[in-house]
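Please read it alongside the sequence and the structure shown here.

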Amino acid sequence: RPRALSGIQPTAGSFHLGNYLGAIRQYVALQESHDAFYMVVDLHAITVPQDPATLRENTRVAAAQLLAAGLDPDRCTLFVQSHVPEHAQLGWVMNCLTGFGEASRMTQFKDKSARHGADRTTVGLFTYPVLQVADILLYQANHVPVGEDQRQHVELTRDLAERFNGRFGDTFAIPDAYIVKETGKIYDLQDPTIKMSKSASTPKGIINLLDEPKVSAKKIKSAVTDTGTEIRFDEENKPGVSNLLTIYATLTGTTIAELEAKYQGKGYGALKTDLAEVMAEWVAPFRDRTREYLDDPAMLDKVLAQGAEKARAVAGETLALAYDKIGFLPAK
Ligand code: TYM
């Protein structure tokens, strides 16, 4: 079986619809075909300031949501990044292979550091993508399910794996990003030209999966649509409607063509009313399942402890191999 690995940040508390459609749905699907590793990336979270109690709570909430979305601890390995010290260890090695200029070119770093300002930008934020490289290479991952915004980080991973292999001999598998074209970028409901993101300009633009179902329904109903009346998938001229059609089709397992046919001659209002209902019906059981997992902390801890043990077995082996190739003296 090929290996899959991905990570998700616990920082916002609730995941949003972009996280789910762009990434988490693929985590669930790849459990069936891959030896799959998924983690809550708390080490990445502290690249920007975090309140300790909130970080701890959000890490649990993140794990509970991943289970609620369909991750099955019998079919995949679910763990918390800081429980596996090899991530920080291989991260250091990768820092020493990364060019300063190369890291400076990461667009997500440029965006985030511009937002935080030079004084509040940490070195951790700068090397964030390099830690992500270590995350992926430790598991010899072949496929990395992510949204479009992570493509550049997977490219960096390929470059560094090739560099290490070239310098020290074959060590790491070269991974491919696994990005679903249709859902790799879900757009903000209030500004369908930018991606849905936790740093959105207005909360109305993002659907938080743990919001009250009626709140989510309302956000869909007040989504910005385009001029004109026709319901047609046309990302260039109708980005708002196209985004809604993508969400609708994915959540219901229908095709865009079927939806276009269904709404022929109907207005945007009809589409939004129906999608609002679909959305509310999807989030209600998701919230309930998340709450059930959170109500059983002993079970959640056990899942994460078993996940960390399975992850460490693989990560430890890869790290030992890398250390040996680099020329570190074995600890006797
Ligand atoms: P994060 O936590 O920001 O996002 C988690 C996943 O959600 C995807 N995503 C989206 N997909 C489609 N449309 C959107 N609007 C949207 N917004 C977010 C992201 O692409 C991501 O897949 N650096 C990563 C976490 C990470 C990681 C890794 C990923 C750490 N180590 C190793 C893969 C492999 C991040 O911050 O994701």
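Helices and strands are named here from DSSP runs, a helix being a run of H or I with at least four residues and a strand a run of E with at least two, numbered from the N terminus. The model is a predicted one. With the elements named in this way, Asp295 falls in the loop between α12 (268-294) and α13 (297-326), and the structure as a whole holds twelve salt bridges.

**Negative surface patch**

- On the surface, Asp288, Glu292, Asp295 and Asp296 gather in a patch of negative charge.

**Salt bridge between two strands**

- Arg3 and Asp35 meet through their side chains in a salt bridge, with an N to O distance of 2.9 Å.
- Because Arg3 belongs to strand β1 (residues 3-8) and Asp35 to strand β2 (residues 35-40), the pair ties together parts that are 32 residues apart in sequence.
- Both partners are partly exposed, Arg3 with a relative accessible area of 21% and Asp35 at 30% relative accessibility.

- A salt bridge joins Arg60 to Asp301, whose closest N and O atoms are 3.1 Å apart.
- This pair links distant parts of the chain, since Arg60 sits in helix α3 (residues 52-68) and Asp301 in helix α13, 241 residues apart.
- Arg60 counts as partly exposed at 28% relative accessibility, and Asp301 likewise counts as partly exposed, at 37%.
- Glu86 forms a salt bridge with Arg312, and here the closest N and O atoms are 3.4 Å apart.
- Again distant parts of the chain are linked, with Glu86 in helix α4 (residues 86-95) and Arg312 in helix α13, 226 residues apart.
- Glu86 has a relative accessible area of 7% and so is classed as buried, given that buried means under 20%, whereas Arg312 counts as partly exposed at 39% relative accessibility.

**Salt-bridge network**

- Side chains of opposite charge can pair when their charged atoms come close.
- In this structure, Glu32, Asp72 and Arg75 are linked with one another in a network of salt bridges.

Methods. Residues numbered from 1 in each chain as written. Predicted model: local features only at pLDDT ≥ 70, side-chain atom pairs only at ≥ 80, totals over all residues. Heavy atoms only, no water. Patch = residues over 30% accessible without salt bridge, like charges linked within 9 Å, V, L, I, M, F, W, Y side chains within 5 Å. Areas by Shrake-Rupley, 256 points an atom, 1.4 Å probe, with all protein chains shown as cover. Salt bridge = Lys/Arg side-chain N within 4 Å of Asp/Glu carboxyl O. Lys, Arg positive; Asp, Glu negative; His and termini not counted. Charge placed at Lys NZ, Arg CZ, Asp CG, Glu CD. Buried < 20%, exposed > 50% of the residue type's maximum accessible area, 1.4 Å probe, protein only.
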